Amino acid sequence: MFAVSRAVAGPLGLQEMLSRALAQVIPILHAQAGWICVLRNDGDCEICVGQWDSELSKAQLSACCRGCPACEEARRRGQPYIVSTLPAGCVLSSRIPGLSSHVLAPLQVRGQVVGMLNLACAEGVTCFCKEDLVLLEAVGRQIGIAIENARLWEELQHKEEIRGELLRKVITAQEEERQRIARELHDETGQALTSLLVNLRLLERAQTPAEIVSQTQEMREIVANILDSIRDLAVELRPSVLDDLGLVPALSRYAQECTKRLGIQVDFIAAGLSQTRLPHEMETTLYRIAQEALTNVARHAQTNHASILLERRGHEVVMIIEDDGCGFNAAQALDTAGRAHLGLFGMRERAELVGGRLVVESAPGGGTTVSVVIPLQKESLCLTDSTPNASAAQSSA
Ligand SMILES: Nc1ncnc2c1ncn2[C@@H]1O[C@H](COP(=O)(O)OP(=O)(O)O)[C@@H](O)[C@H]1O
Ligand SMILES: [Mg+2]
């Protein structure tokens, strides 16, 4: 037992941990062959590691394991179970000569079977006995816990990888943003200021009042354009309305601007938050999530209509962004997005960083719903004026 617990201890991947466990168990129980199957999420059984002296392939054994009534029986009992006569046609007896007995020990964690330890012994060699079953039950529990730990470990590794990728992406995005601002300042604002300079020179040389009026008019237009583009740039970087007035007015304005910016019409409804300011970090988080979700609608959803609902529900703030577009396989996208598409991950990470949860629900043809729930600490709320909280603020773009 001690040898097994030592073998499965530590931050190991599933495969390595199971190999180590099997390498300890086979000699202790004098088995000739052994393998460990793990139950996948879809309920199917998959052989992860195995040791046997024959040409038998993992695929052949997997096929045999899949329909095996002995395995079903062991799963049902939730206890180690000895099969003294191998079923007729079992690949074990035909492929591993001399095998006579087979024991199956469910690997369990919190009463749930997560896998199966299989051992087989040969004819003439001592068969499995009752004491072995007691030992196997304990070993099964230990490996079961180790499977769960290994899965959590692998999940953590995967998350860490993605987090690193996100960080790299954030840095690249920051650089790209700086480049874009530099280009915009140089190309647009710089050029406009140059033509303003030219006009000023012409104004200096103006001979008649009519010329002066025409030059000033032209210059006024140029200045108005410069102001517009600088305002756009500033709003894009960080809308001052978010800092000055809070999330509800900022989202309301963003929703209105979506038609111009993204070509989609966005309805915005806010409830229970009209006189309240949320913590600064939470407001930024929700604003950026809405931006990313609506950019996704414009880019991918093939619709021109979406909605944002922002609502305080007791001790939580809920934001739901919905579109009636083409939809997609959200679970798969989050599972496989990896390097290239980090928008969905980024939204989820942002929500989790302020203690919230983000769920993306979508199916091909069925539109998409992005829901964020962030818990609120009462003391973190701040009233923006003394009037009682209005029942609902509603605005539609
Ligand atoms: N609202 C949506 N409607 C349809 N498909 C979507 C929507 N949001 C996301 N997707 C799909 O999910 C993928 C991943 O999205 P995301 O992580 O934001 O990456 P990106 O936008 O850079 O492609 C997109 O490429 C798209 O196929
Ligand atoms: Mg995106």
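## Close-up views of a predicted model

View 1. A disulfide is a covalent bond between the sulfur atoms of two cysteines. The cut-off applied here is 2.5 Å between the sulfur atoms, and the count by this rule comes to zero disulfides. Both cysteines of this view are shielded: C37 is buried at a relative accessible area of 2%, and C48 is buried at 7%. The model is predicted.

**View 2. Confidence across the chain.** The average pLDDT of the protein is 84. A score of at least 70 is reached by 87% of the residues. Residues 386-397 stay under 50. For this stretch the model has 32 contacts beyond four places in sequence.

View 3. Ligand 2 is a magnesium ion. Its protein donors are E292, through OE, and N296, through OD1. They lie 2.2 to 2.3 Å from the ion. Both residues belong to helix 10, residues 280-300. They are four residues apart there, so about one helical turn separates them. Their accessibility is as follows: E292 is partly exposed, with a relative accessible area of 26%, whereas N296 is buried, at 16%.

View 4. R277 sits in strand 7, which covers residues 276-277. Its relative accessible area is 16%, and R277 therefore counts as buried; the limit for buried is under 20%. The side chain of R277 reaches the backbone oxygen of D243 at 3.2 Å. A polar atom of the R277 side chain also lies 3.4 Å from the backbone oxygen of D244.

**View 5. L104 and its surroundings.** L104 is part of strand 4, residues 99-109. It is buried, with 1% relative accessibility. Leaving out residues up to four places away in sequence, L104 touches A70, C71, A74, Q79, P80, Y81, V83, M116, L117 and N118. W35 is 69 residues from L104 in sequence. In space, the C-alpha atoms of L104 and W35 are 9.9 Å apart.

**View 6. Strand 9 between its partners.** Strand 9 spans residues 316-323. Six of its eight residues are buried, so the rest of the structure largely encloses this strand. Strand 8, residues 305-313, runs antiparallel to strand 9, and eight bridges join the two.

**View 7. The turn from strand 8 to strand 9.** Strand 8 and strand 9 form a hairpin. Two residues lie between the strands. In this hairpin, G314 takes a positive phi near 60 degrees.

Definitions and conventions
Residues are numbered from 1 along each chain as its sequence is written. Chains are lettered from A and ligands numbered from 1 in the order in which they are written. This is a predicted model: local features need pLDDT of at least 70, side-chain atom pairs count only at pLDDT 80 or more; totals for chains, interfaces and linings use all residues. Side-chain values use heavy atoms; hydrogens and water are left out. Buried means under 20% relative accessible area, exposed over 50%, partly exposed in between (1.4 Å probe, protein chains only). Two strands pair if DSSP finds at least two bridges between them. A polar contact is a pair of N or O atoms within 3.5 Å; within protein, one must be able to donate a hydrogen and the other to accept it, and residues adjacent in sequence count only if both atoms are side-chain atoms. pLDDT is the predictor's confidence in each residue, from 0 to 100. Contact means heavy atoms within 4.5 Å. Donors are N, O and S atoms within 2.8 Å of the metal (3.2 Å for Na, K and Ca); water is not among the atoms, so sites may look incomplete.
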